[in-house]
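This briefing sets out selected computed features of one protein chain, grouped by topic for structural review.

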Amino acid sequence: MLKLGLGSGFMIWAPIFLAIIIANDSLSLISIVMTCGLFGSLLYFMLPKRRPVEAVLVEGEGSENNIGKDSSSVLKKHRIDCYLESTAANSNKNTTSVIGNCSGISSERGGVEEKVSMALGDSNPVEIDEDLHSRQLAVYGRETMRRLFASNVLVSGMQGLGVEIAKNLVLAGVKMVTLHDEGVVELWDLSSNFVFSENDVGANRALASVQKLQELNNAVVISTLTTELTKEHLSKFQVWSSGSYSKPLNLRRIQKAVVFTDVTFEKAIEFNDYCHDHKPPISFIKAEVRGLFGSIFCDFGPEFTVFDVDGEEPRTGIIASISNDNPALVSCVDDERLEFQDGDLVALSEEDTSDFGIYEKGGIVTQIKEPKVLNFKTLREAIKDPGDFLLSDFSKFDRPPLLHLAFQALDKFVSEMGRLPVAGSEVDAQKLVSLASLINENSGDDRLEDINPKLLRHFAFGARAVLNPMAAMFGGIVGQEVVKACSGKFHPLFQFFYFDSVESLPTANLDPSEFMPLNSRYDAQISVFGLKLQKKLEDANLFVVGSGALGCEFLKNLALMGVSCGKQGKLTITDDDVIEKSNLSRQFLFRDWNIGQAKSTVAASAAALINPHLRIDALQNRVGSQTENVFDDTFWENLTAVVNALDNVNARLYVDQRCLYFQKPLLESGTLGAKCNTQMVIPHLTENYGASRDPPEKQAPMCTVHSFPHNIDHCLTWARSEFEGLVEKTPAEVNAYLSNPVEYTNAMNKAGDAQSRDTLEHVLECLKKEKCETLQDCISWARLKFEDYFSDRVKQLIYTFPEDASTSTGAPFWSAPKRFPHPLQFSSTDPSHLHFVMAASILRAETFGIPVPDRVRNPKVIAEAVDKVIVPDFQPKEGVKIETDEKATNLSNASVDDAVIISELIRKLELCRENLPAGFRMKPIQFEKDDDTNYHMDLIAGLANMRARNYSIPEVDKLKAKFIAGRIIPAIATSTAMATGLVCLELYKVLDGRHKVEDYRNTFANLALPLFSMAEPVPCKVIKHQDLSWTVWDRWTLKNNPTLRELLQWFTGKGLSAYSISFGSCLLYNSMFPRHRERMDRKVVDLVREVAKVALPAYRRHFDVVVACDDDEGNDVDIPTVSIYFR
């Protein structure tokens, strides 16, 4: 404070003065804002800092005036420079509140109390925070994100489904979300709503949801409406203008979106008719979750334009030939798979067909993604004529029409009875069946032959309950549909979607008393599954591996379901990663003040706040062979099930092997952008995760990447490799040499290969020819690198292979897919040239520990420094070998003189080392993609784009370069939520423990299309021998520390002859070796220790041996793993 020239007295009086003003009822909110302006800079330092965003003060005379009148007359935006934080109080008079960064300023106007929250901001349009939204940007792109940032969404109904939808929209970053609910929180709601606690019981649901939803993203303005929603409210529902963007975008014409999760058909039809006829139309979504059943209806207006139906990159191909036939035949090179479909519109470029001569080379075919216009029907029309339903499970192809009928019958039941059916009530269930039968009889040609009373009974029993897994799944789907409505990105759901997971119910018949409420937070779940399964959930010992995006969603779901919340239960979560800024856009248990903290610890604490009864243990260990002392035999044996929340295949395979070994259920899932998949791995029922694998991604040949690139991916792969070589690997090699010269040079001499020679050459260059001592040296180095990479190397390539060069077969050398390159001429007036030099010189200076003043970031300063660099003329070299073999795996050319060259290089290094300052070390730089201020991506993008320019390949911006070079996995909250909801529906089956393989479901879904494909898991293969049978899940165990003789006799008892026993690569016994018979009475564990010379750690109770057996006829028999317990 002293730096501001303000004394301590000012610190004391300022808040007092502000409190006096707030307490004065005669003063308006304008006075408060003016006062905040006076003390803004002071309070900014006094109060907790949070992510600065734009927010507004909304002034009006009541709830109706606060939603949507012209902004020039009603919505007055007051900017302030402070945060005012407190918890919004509940009031029966409160009908509307607007929450930005905090809450707590109230004003009485016409009997209506307004809750107002403000945050730092200015009048400029909100820029996309690429560090925060990088994974989401990889899915949507900038234009879609800008549309989202300017969108306004109403979510009506804040039970479990409503809050899941709102959560996903807030994470996505829409401009404003209005929460509507007239009801109050009940204990019943705690089964599905993660923002409620027992302290919220009795409070309005919308008001109780605001604070925790706001914490997810301060940039979203959240308002509430607690009175009855009318068409007049919708008429005033407006989109906020956020200024102009790089592309023309009329934000006031962006489609508005309203979502209803708890509304009668009568009201829904009324609202939908209004939204459909509105100019412009308001996108309307009606969604319901009733127990294990759910429905969605979408109407985005009479004419809705989809700009990108699938979100995939336009497909391209390199043209090999074009015939002169009519019609012409275009053939493409066969080194890449073309995924064009019949009807695709494509553009041909870079070929000269003006004279219709013979096609020569260089053409590219590119898919053109055409907009698609959809004509939606209103709900009034669609109920009678629903058209084609979107299927999710082809084993239930007849289910959607039945559920279409069931939801209508339920609405009729509520209309007549004034309530939902009671769980376990056969009277209510029969009433619902009768109503469904009546509606069906009046359906004319759409009448169903069988209305399935048994299914309708299950529907009636669970109709009141909103289950968390269903809410999570449908919250993901509906959240994505809202994004489509606001942006035109991806194909909307057209128009009905029905889903059920009735297979999740317990297999045993339950007594109606099982469904009776206990006045607990799990009553809604008990009303569907009964008390016995709830007890199993609470006593489960679960292991969640990973606490990233999937892990956060899983912890929320499990806490709400009551998993591991009983006295016998325990949930273990582990993750060795820490929280980064880019995590916050989807890993919703984390906040910006958690950055740098351990993921598992923060996630566990947040989950315990959702359900204080959760018995959770957070670890920071990576799960792998190196941590088997932590996750030992006892740990795995005591588990009930394992839930994977991982992001890499190798870790998944390891956990899969552990679950296979200890016969534990594994619930697997993964996401990629709008796609997600789930796989159930159930002991003795299904195949394991590792039984089938995706084919490996096709890698570009090394010669293509280094000399003959033909797409930007090749350029970025090369750029990433060069970056690591320049600023990480070579400096690390320098330090390794300087730390222990003798050991380092001995190793190089011993290797004596081309790779060692190249490494030593780079180290010597770095310490002698290219050693930098001043910033000018770094700039000179960067300028010369530009000349080397983008001019000299290209000239040498052209010299070696001229444009008219031919292959050994006489074919043109520069034929597709090869592209003939052109050297670049450096220009200090080209911003991209200067930016490359700037990024390279800054990072070079960092590796040598040279300070970098801010002036270096000025292009004029760089240009002046570059002009001082003397660039030698290029002289082509004779006899240079450039690798053209696509099968080559190493570009280093071996030589018979490698050993001599290495010795000479070592001698020169020793001379160079003597001239270095004492203790000299370089500073290797490890690539960090998520820090836009470190110049890592600037250098990689510069390298890639200059190389692309050499080969006439379209360039990319830094963000696109980050996605490819940084190997960023596209991720959004909606597909994550859906995946975890589906997995938790399967968890009910796992913990019940009595389901058959046909009851389980594996799922692949693509929310962009949308596509849902559910199928039974693949059964595990059964192997039979005589009266024995086993699968990959079986493990034969011998206890009591047997001898070798006892082990052989045990196999004899199974009708098998064990002729070979080994531990790892060591042979413990083979019937062909007479001396091995001397080991018959030795303990097998002693043979492992003495023969295999293995020290078994104290935490190990058993070991595995590989046994080769044959039957009585001498046929080999493939047997399960054999485990011998010695402790």
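D898 forms a salt bridge with R757 (a side-chain nitrogen of Lys or Arg within 4 Å of a carboxyl oxygen of Asp or Glu), and the closest N and O atoms are 2.7 Å apart. D898 lies in helix α27 (residues 898–914) and R757 in helix α23 (residues 754–767), so the pair ties together parts that are 141 residues apart in sequence. The model is predicted: local features need pLDDT of at least 70, side-chain atom pairs count only at pLDDT 80 or more, and totals for chains, interfaces and linings use all residues. Residues are numbered from 1 along each chain as its sequence is written, and side-chain values use heavy atoms, with hydrogens and water left out.

**Salt bridges**
- The structure holds 62 salt bridges.
- K489 pairs with D308 in a salt bridge whose closest N and O atoms are 3.0 Å apart.
- This pair links distant parts of the chain, 181 residues apart: K489 is in the loop between α13 (468–487) and β16, and D308 is in the loop between β10 (304–306) and β11 (316–322).
- Both K489 and D308 are buried.
- Within helix α13, E481 and K484 lie three residues apart, about one turn of the helix, and their salt bridge has its closest N and O atoms 2.7 Å apart.
- A network of salt bridges links D393, K396, R399, D500, E503 and R1001.

**Cavities**
- Eleven cavities of 30 Å³ or more are present; a cavity is a set of points on a 1 Å grid over the protein atoms alone where a 1.4 Å probe fits but cannot get out, and lining residues have an atom within 4 Å of a point.
- The largest cavity has a volume of about 170 Å³, the volume being the space filled by probe spheres set on the points.
- Its lining comprises 20 residues, of which S392, D393, F499, D500 and M1014 are the closest to its centre.
- Helix α30 gives the most to this lining, with four residues.

**Chain overview**
- The chain contains 32 helices and 32 strands, taken as DSSP runs (H or I, at least four residues, for helices; E, at least two, for strands) numbered from the N terminus.
- Of the 1127 residues in the chain, 56% are buried.

How values were computed:
Buried means under 20% relative accessible area, exposed over 50%, partly exposed in between (1.4 Å probe, protein chains only). On a 1 Å grid over the protein atoms alone, a cavity is a set of points where a 1.4 Å probe fits but cannot get out, and a pocket is an open set with protein on both sides within 12 Å along at least five of seven lines; lining residues have an atom within 4 Å of a point.
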